[in-house]
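Reader: I am new to reading protein models and would be grateful for a guided discussion. May we go through this one by question and answer?

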Amino acid sequence: MENNIQWFKSALFGMFIHWGAYSVGGRGEWILNREHIPYDEYTEKYVDNFKAEKYNPSEWARLAKKAGMKYVVLTARHHDGFALWDTATTSFNSVNYGPRRDLVRPFVEAVRKEGLKVGLYFSGADWSHPDYPDPYCRDWPEGWKDEESRRRFEEYYKKQLIELMSNYGKIDILWYDGCIPEFSNGEEVNRLVKELQPGILINARNGKPYDFVNCERAIQPPRSDMPWEACQTLNNSWGYYPGDTNYKSARDVVEMLAQVAMGGGNLLLNVGPAPDGTIPEKQAQILLEVGRWLERNGWSLYNSARSPFSWTMFGYLTTKENKVFVHIFRETGKELCIAEIKNKVLDAYYVDTGEKVDFVQAGTRLLLRNLPVPLRDSICTTIAIEVEGKPEPIRPQVNFWVPGYNEEDL
């Protein structure tokens, strides 16, 4: 695999942004399909009122950076077919309707200016296209209407990707979604994308060649060492939905980061901006709190290796070089026993301050002593354990069932 994958493997954290005409409805990104909205009504009620009047992607990029994120992925076109750029393939875009301007270009420029990696989400589905099998299907369509319509649609989405990959400078990630029914030209298109954008990373939702795999609303590391990413929402919705107030806390987000780091992966965490382009204050507050925690403790998670250690009751064990990082999310009392580490322990200290932690290693057990009660950090208290050599488990885990990808799919 090319060396450019290294930035992705060390990134840990990215921002996903679901934003489009559906944001006007405030009921998520699938409203057209779920509510069987005719396209003339969708255009009048939602597309025409999608003004993006406060759209400032520089604020998005600055927020992502403060949150400790290393890349940002924007929905350039979701399943509704409304393109956020000046495409020649359809009049159904943000230059002809709603904002009356290209929204992708300022996004790419703002993210790049902050030194973050640029990602574009692109749906293989397009409910607005006359050749798409069924925009109101209650599941994904099983197949194309006929061979001619399939070929026309494949040529259409290929042209859109050529525009995105040719007209906006360097793009670091192409994030496919909605590729059902499957395309017959996925490999051809992916190879063309890589010709147009040398070094780009492509996810596995439009066939080979690809560079990383995703799990959605779950944290499921693949069984192989394939680079991977978990995609999660801050509340229960991808698109803007002010009625969905079931938000994850900063502590929840940090715990997800520890989980993906333990598996050697990344977390792509979604925000759903309002139709005017502003990120809801609650979402921004959560991300800023996560960012402050990462400023204190983030070096224990970024660029983590896949941990050889198993599950624990108190939290997670991540590894890097000759260090094991103990992420404590649940109170343990003044003493914590870790019966996992085979190596001789040389030192133990708090990641945020470097203050030493008392420890005793006896046989298979490492005892961390005189821990504060309550924990010193209400989000997560992290202790670095320096060991002799590369961290190894006392007993490797070989048969505990962990959901993941089938090897043949990789």
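**A residue in a loop and its surroundings**

Reader: Does Gly333 count as buried, exposed or partly exposed?

Author: The relative accessibility of Gly333 is 27%. Buried means under 20% relative accessible area and exposed over 50%, with partly exposed in between (1.4 Å probe, protein chains only). Gly333 therefore counts as partly exposed.

Reader: On what kind of model does this discussion rest, and which pLDDT do local features need?

Author: Residues are numbered from 1 along each chain as its sequence is written, and side-chain values use heavy atoms, with hydrogens and water left out. This is a predicted model, in which totals for chains, interfaces and linings use all residues, side-chain atom pairs count only at pLDDT 80 or more, and local features need a pLDDT of at least 70.

Reader: Where does Gly333 lie, and with which residues is it in contact, leaving aside neighbours within four places in sequence?

Author: Gly333 belongs to the loop between strand E10 (323–328) and strand E11 (336–338). Helices (H or I, at least four residues) and strands (E, at least two) are DSSP runs, numbered from the N terminus. Contact means heavy atoms within 4.5 Å. Once neighbours within four places in sequence are set aside, the contacts of Gly333 are Leu371 and Val373.

Reader: How far apart in space are Gly333 and Val118?

Author: In sequence, 215 residues separate Gly333 from Val118. In space, C-alpha to C-alpha, the distance between Gly333 and Val118 is 44 Å.

Reader: In what order do the strands of the open sheet that includes E11 stand, and which of them are at the edges?

Author: The sheet has 3 strands with antiparallel pairing, in the order E11-E14-E13. Each edge strand has a single partner strand, so one of its sides is left without a neighbour in the sheet. The twist from one strand to the next averages 20°. The edge strands are E11 and E13 (358–362).

Reader: How many bridges join E13 and E14?

Author: Two strands pair if DSSP finds at least two bridges between them. E11 and E14 (residues 365–369) pair in the antiparallel sense over 3 bridges. For E13 and E14, also antiparallel, the number of bridges is 5.

Reader: Which residue in E14 is the bridge partner of Cys337 and also of Val360?

Author: Ile338 has Leu366 as its bridge partner in E14. For Cys337, the partner in E14 is Leu367. For Val360, the partner in E14 is likewise Leu367.

Reader: Which residue takes a positive phi in the hairpin of E13 and E14?

Author: This hairpin has 2 residues between its strands. A positive phi near 65° is found there at Gly363.

Reader: What is omega for the cis peptide bond from Val373 to Pro374?

Author: The bond from Lys208 to Pro209 is cis, with omega near -5°, and Pro209 sits in the loop between strand E5 (201–202) and strand E6 (213–216). Pro374 lies in the loop between E14 and strand E15 (381–387). The peptide bond from Val373 to Pro374 is cis, with omega near 0°.

Reader: Why are H6 and H7 described as roughly parallel?

Author: Helix H6 (residues 147–166) and helix H7 (residues 186–196) have axes 10 Å apart and pack at an angle of about 15°. Axes are lines fitted to C-alpha atoms, for helices over the stretch in contact, and angles run from 0 to 180 degrees between N-to-C directions. Angles under 35 degrees count as roughly parallel, over 145 as roughly antiparallel, 65 to 115 as roughly perpendicular and the rest as oblique. H6 and H7 are therefore roughly parallel.

Reader: At what angle do the axes of H4 and H5 cross?

Author: Pro57, Ser58, Trp60 and Ala61 of H4 meet Pro106, Phe107, Ala110 and Val111 of H5. The axes of helix H4 (residues 57–66) and helix H5 (residues 104–113) come within 8 Å. Their crossing angle is roughly 35°.
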